[in-house]
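Have the sequence and the 3D view open as you read.

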Amino acid sequence: MTTNVNKALLLAALASVAAGAMAQDGDVARRVEDLMRRMTLEEKVGQLHQLSGRQMTGPGSEKFADKLADIRAGRVGSMLNVKGVAETREIQALALQSRLKIPLLFSLDVIHGYRTVFPVPLGEAASWDLDAIRESARVAAREAAASGIHWTFAPMVDIGRDPRWGRVMEGAGEDTYLGSQIAVARVQGFQGPKLGALDRVMATAKHFAGYGAAIAGRDYNAVDMSEQQLHEVYLPPFKAAADAGVATFMNAFNTLNGVPATASAVLQRDILKGQWGYRGFVVSDWASIKELVEHGHAADLSEAARQAIEAGSDMDMEGYAYSRHLAALVAGGKVKQSVLDDAVRRVLTKKFEMGLFDDPYRFSDAARERAVLADPSHARIARDVARKSLVLLKNEGQALPFAKDVGSLAVIGPLADARRDLEGGWIVQSDPQRVVSILDGIRGQVAPGMRLVVAKGCDVACTDTSGFAEAVAAAGRADAVLLVVGESWDMSGEAKSRADLGLPGRQAALFDALAATGKPVVVVILAGRPLVFNGVADRAAAILYAWFPGAQGGNAVADVLFGDYNPSGKLPMTFPRSVGQVPISYQQYRTGRPVVNAANVVYRSAYIDSPNTPRYAFGHGLSYTTFAYSDLVLSEPVMGQGDKVEVSFTLANTGRRAGEEVAQLYIRDRVSSIVRPLMELKGFRKLKLEPGERRTVRFVIDRDTLAFTDGKLRRVAEPGEFDLMIGSASDAIRLRGTLTLRD
Ligand code: NOJ
C-alpha cells in the first residue's frame, strides 16, 4: 500500500512539476480524495491535531519524546511555534517517516514582522495607507516563508472599541469599514495572489468572533451582543478576509451570547462555511476546545471534542481533545464520518495548495533564509511604514518640526532611549541590536554642533521620582524639550487588559515638572492602545503618538520631529477623556435625548462630570501643512437602488510643505428601521499634495454604501435621505451634502 501511495504521490508530483506550477484546483481535489481513501481513522484525526513545537529540538528535546513519536506516526497535522530552516527541516523529516508521509504545516504568530519588526498593527492602521500595510505584511511573509514558516496567525480582524482590552494593539481599531479594508490588505500582503508562492504564507482571520467586545475590556471575558450588532459591526472584516481568500480562520476564546465561539455552529457552520461558502479551515485558539469544559459548556474533554468538531472547528490547537477522543467518537458513531472527513479534506487541501506534497521542504532553504533575512530593503520599508503610522495629535504654535539648527535639545523620559519597548509585543524574536531608539534617531538627524542633553527622569513604571530634578535641570538648560513617555512593550497585547488607561506611575507628574519650567514641551507617547493623558493634552506644545513603531521607530520619529517627513497618520480608535467613557466609538447611536448644546444637558444623554466628546476623535491627525476642502458636487441628488452617484470635491494643500491628507467620507441615514449611528465611515482617500496643489477627489456611492443589517439580518438600503459628510476627521467635517435614495 505504501508503495502504491508513494507511486501515486510521485506521479502527481511529476505531473505538477511538468505543468510548471502548483497544483490546480481540480487537481488538488483529486489528490485530496486519493489520499483520503488511503487514510486510516487515526491518520485522519492526526491531521487535525496541532502541537506546539517550542523547545522540541535541541537540548532538552528528550522530554518531548512522545510528541516526536506522534509526529513520526502521522498523528500530528501541524505545528506552531517552530521556526527557522534548520528546525523546520528537522521536524518535517520526522513527519516524512510516517506511513503516508503527509507533510506538516508550520505556523507561527507573525503579527507585525518576522525578523524586521514593523509597527504594531494598530499603529499601521493609523497610516490609513493600504499599500503600506500590504507591503508590511508582504515583507513579514517573505521573511517568515524563507525561514520555513507556512502559515501566520494574522491578521487579527477583531473590532476593538474598548482600549482597556490590551489586544486592540493587534487589530485595526474600532471601525468596521476601515477594519475590513485593512483586513483585505493584510491578507493580500501575507498570501499574495495565489497560495503556494515561496515568498508568501497562509494567513488567518482571527478571532472568530466577537472577541474584541469582551465585557469590561477584560481579555477572554464573555461577550453578549445583539445579532444585528454582530452582523453589522463585528463580522464584516471577517467576511472581507474570507472574500479575499484568507486560507484559514481561527475561532475565539470567548463565549458569544452564552455559547463559546469554539463550539458555535452558528458562527462556524451556518455563517462561515454555510452562508459565506468558506472553503478554508478553522483552527481553534490555543486549547480553546479543552476550555469548553472550563466554560461549563462540555462535561469533559470528549464532549468538548464532539461539540467543537460538529460546530466546525477543524483543527485543535494544543487542546488534545481531538487527539485523545475524536477517533473513538467517530468509531462509536457519536460523530459522523462525514464531519471528520470534511475537516480533514479542508486541511489537506491547504497542504496541497501550498505545494508541500510536491516538496515538503520547499520553504526550508538555508541559502534563501540567509539572503532574505539580510535584505536591507526591509528596514527601509519598515521605516517608511513607521513614519506613516505616527499621529500628530497636537501642534501648538508650530512647536514641531524642530529646527535642525536648534542650539540645544533636552531629550527626557523613560522611553527616550528604549529599544525593546519600541518593538512592542507579539514579536518573533526580540533583537534590541537592530532597534533604532528615538535618541539614536535624533542623533542621526541633528546638525553638527547641536547640544543634546539627556535625562531619563524615571523608568517606565515611574514610581521613583528621584530623577525628576535632573530632568528639570536638563530642560532648563536646553532651547527645546522633548519628553518620551508611555507604556512598556508588555503593557499591551494578549492578557494585558488595563483598568486604568493613564500614563504609568508618575509619568504625568514628570511632564508637569517639565511644563512648570515654562519651556514648551513636546511629547512623544509610545503605547499599544489609546491612553488617557489629559494634563499632557492640555499643556504640551505638541504631541506625537507613536504606538510601538518597531525596529525603525527611532528613525521614523526623528524624521517627523525634524520635518523630514510630514506626519499623515489618523487615529483608527477614539481617544477617551477617561476610562468612564469606554467603550467608546465615533459611531455613537442616536438617542431620544441628544445633547443639543453645552447649556442643555439636564435629562439628556450626558455625564454630569465629563463632556460626551472624546479627547481625540476617530480620524484625527494633524499635518505640518493645511488642507482646504471645497466644491462638493453630487452627480445626482437622487438615486435608485441600482444606481451609482459620484461625490466629488476639491482638496487643496494651502500650506507651505508637501503633505498627505486622509480625506474621509461619512454618511448618516436619517430615518431607518434600525437606528443608525450619527455617522459611519464609508470611504477614504490618502493623497499626497505639493504646496498649492489642488486635486479633485471622487467617491462613488451605491446601494452597498447606504445599506445596513436590518432586524431580520438582511442587508437593506432603505429609501430616504442620507447626510454626506466629508472631512479630515470624524470631528472635522468640512463639506456636507444630502442624497436621497428613491423607492
Ligand atoms: C492565543 C492567541 O489568542 C492567538 O491569537 C494566538 O494566535 C495563539 N495563542 C497562538 O499563539
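From which domains does the lining of the second largest pocket draw at least three residues each? They are domain 1 (208-353) and domain 3 (627-741), with bounds that come from an automatic or database domain assignment.

Before going on, a word on the model. It is predicted, so local features need pLDDT of at least 70 and side-chain atom pairs count only at pLDDT 80 or more, while totals for chains, interfaces and linings use all residues. Residues are numbered from 1 along each chain as its sequence is written, and side-chain values use heavy atoms, with hydrogens and water left out.

Let's stay with that second largest pocket, which holds about 900 Å³ of space. A pocket here is found on a 1 Å grid over the protein atoms alone: it is an open set of points where a 1.4 Å probe fits, with protein on both sides within 12 Å along at least five of seven lines, and lining residues have an atom within 4 Å of a point. The volume is the space filled by probe spheres set on the points, which are joined across faces, edges and corners. Of its 37 lining residues, Y177, P236, K682, D704 and R715 are the closest to the centre. By class, the lining has 16 nonpolar, nine polar and 12 charged residues. For these classes, Ala, Val, Leu, Ile, Met, Phe, Trp, Tyr, Cys and Pro count as nonpolar, Asp, Glu, Lys and Arg as charged, and the others, Gly among them, as polar.

Now turn to the largest pocket, with about 1400 Å³ of space. Its lining has 49 residues, and S585, Y586, Q588, N612 and L678 are the closest to its centre. This lining divides into 25 nonpolar, 15 polar and nine charged residues. It also draws at least three residues from each of domain 1 and domain 3.

Finally, find the ligand. Which residues are the closest of the 13 that surround it? They are D109, R167, K206, H207 and D285, where surrounding residues have a heavy atom within 4 Å of the ligand. An oxygen atom of the ligand is 2.5 Å from an N or O atom in the side chain of D109. For R167, the corresponding distance from a ligand oxygen to a side-chain N or O atom is 2.6 Å, and for K206 it is 2.8 Å. The shell around the ligand consists of seven nonpolar, one polar and five charged residues.

Technical notes: Polar contact = N/O pair within 3.5 Å; in protein donor to acceptor, adjacent residues only side chain to side chain.
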